Amino acid sequence: MDSPLKGEDIAYFVDNSSPLYISRQRFRDSYNTYTQHPNNVMKLFLDTAIVSDIEDRLPTGLIAGVTTNPTLIKKSEREPWEVYTDIVELGIEDLSIEVNGQDSKELVRNAMTAHGNYGNVATIKLPCTIEGIKACKYLSTIGIRVNMTLVFSESQAILCALANATYISPFIGRMDDNSLSGLSLIRSICTLYRTQQIKTQVLAASVRDVQSVGKAFEYGADICTIPPKVFDSMVSHVLTDQGLEQFNRDFLA
Ligand code: G3P
């Protein structure tokens, strides 16, 4: 069948023979309703550098951003700039790009280059070190979003907040790997930020399972960044499958 896809349309495939189409503008409007609604604080980001993984899940309208790190980029076996360019072209509006550097000056220089290349889509990811915090303070002052990564303690969260970070990324899974409770840290930081009326958002990272997503949001995380596999698993439930099988049988009977 000939595709009626016109230039900017997005196709939702209901099945192989009957796709539905929506204009990119409409898609963007509904996406904005989700990502910018003041009461809708819970957001899901995808944690991946595989562009097709993002593209496949984008039509759900549920992906508010993407996070990457050097290890994810390496796994993609592509140049970082190729990955970032493709993700920006998909229409993602918030992409965490990690920069490195020996000191805050080098971090800022690399951050400015990334921001120059990808504009406001780029959220600069910096390590939670004293040099990273200095760079964060500077970049936040000039209006560039910063995601402070590799956060493992409340004290680090305090310093990141004082440096006006847009996001902090506590690594849940890596804490659990080291016999510490990642979710307890999420709860403590969220309580602290609420008590002190801090604007920095808590972006739960290193999330490896569906249960952690639920708990992180329950404890007050603003965002969970999750691997595509975890995103897919969120909808699955054995009782849904069983119930639907029964309903389909009865519906057709
Ligand atoms: O965003 C950081 C996250 O990707 C790290 O995840 O599973 O390597 O600990 P993981």
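Two strands are taken to pair if DSSP finds at least two bridges between them. Helices (H or I, at least four residues) and strands (E, at least two) are DSSP runs, numbered from the N terminus. The structure is a predicted model, in which local features need pLDDT of at least 70, side-chain atom pairs count only at pLDDT 80 or more, and totals for chains, interfaces and linings use all residues. Residue numbers start from 1 along each chain as its sequence is written.

**Exercise 1. Identify the bridge partner of Thr67 in E5, and describe the setting of strand E4.**

Solution.
Step 1. Thr67 has Ser96 as its bridge partner in E5. E4 and E5 run parallel and are joined by 2 bridges.
Step 2. Strand E3 (residues 43-47) is joined to E4 by 4 bridges, and these two strands also run parallel. Within this pair, Leu44 stands opposite Ile63. From E3 the chain crosses through helix H2 (residues 51-57) to E4, a β-α-β crossover that is right-handed; the term applies if, with the strands pointing away from the viewer, the path from the first strand over the helix to the second runs clockwise.
Step 3. A residue is buried if 20 or more other C-beta atoms lie within 10 Å of its own, exposed if 12 or fewer, and partly exposed in between, with C-beta atoms placed from the backbone. In E4 (residues 63-67), 5 of the 5 residues are buried, so the strand is largely enclosed by the rest of the structure.

**Exercise 2. Determine which strands form the closed barrel.**

Solution.
Step 1. The barrel has 8 strands in the order E3-E4-E5-E6-E7-E8-E9-E10, with parallel pairing. Neighbouring strands of this sheet are turned against each other by 25 degrees on average, direction ignored. Axes here are lines fitted to C-alpha atoms, for helices over the stretch in contact, and angles run from 0 to 180 degrees between N-to-C directions.
Step 2. Strand E9 (residues 201-204) and strand E10 (residues 223-226) run parallel and share 2 bridges. Ala204 stands opposite Cys224 in E10.

**Exercise 3. Trace the contacts of Ile186 in the largest nonpolar core.**

Solution.
Step 1. A nonpolar core is a set of buried Ala, Val, Leu, Ile, Met, Phe, Trp, Tyr and Cys residues joined through C-beta atoms within 7 Å. The largest has 59 residues, and those with the most contacts inside it are Cys136, Cys160, Ile186 and Ala204. Helix H9 (residues 182-195) gives the largest share of this core, 6 residues.
Step 2. Two residues are in contact if their C-beta atoms, placed from the backbone, lie within 7 Å. Leaving aside neighbours within four places in sequence, Ile186 is in contact with Pro170, Ile172, Val202, Ala204, Ala216, Tyr219 and Ala221.
Step 3. Arg187 also lies in helix H9. This residue has 17 C-beta neighbours inside 10 Å and therefore counts as partly exposed.

**Exercise 4. Contrast the burial of helices H10 and H12.**

Solution.
Step 1. In H10 (residues 210-218), Ser212, Val213, Lys215 and Ala216 are buried. The buried residues of H10 pack against helix H8 (172-177), H9, E9, E10 and helix H11 (228-233).
Step 2. Of the 15 residues of H12 (residues 238-252), the number buried is 0, so this helix lies largely in the open.
Step 3. The expected span of a helix is 1.5 Å times one less than its number of residues. For H12 this gives 21 Å, which agrees with the 21 Å between its end C-alpha atoms.
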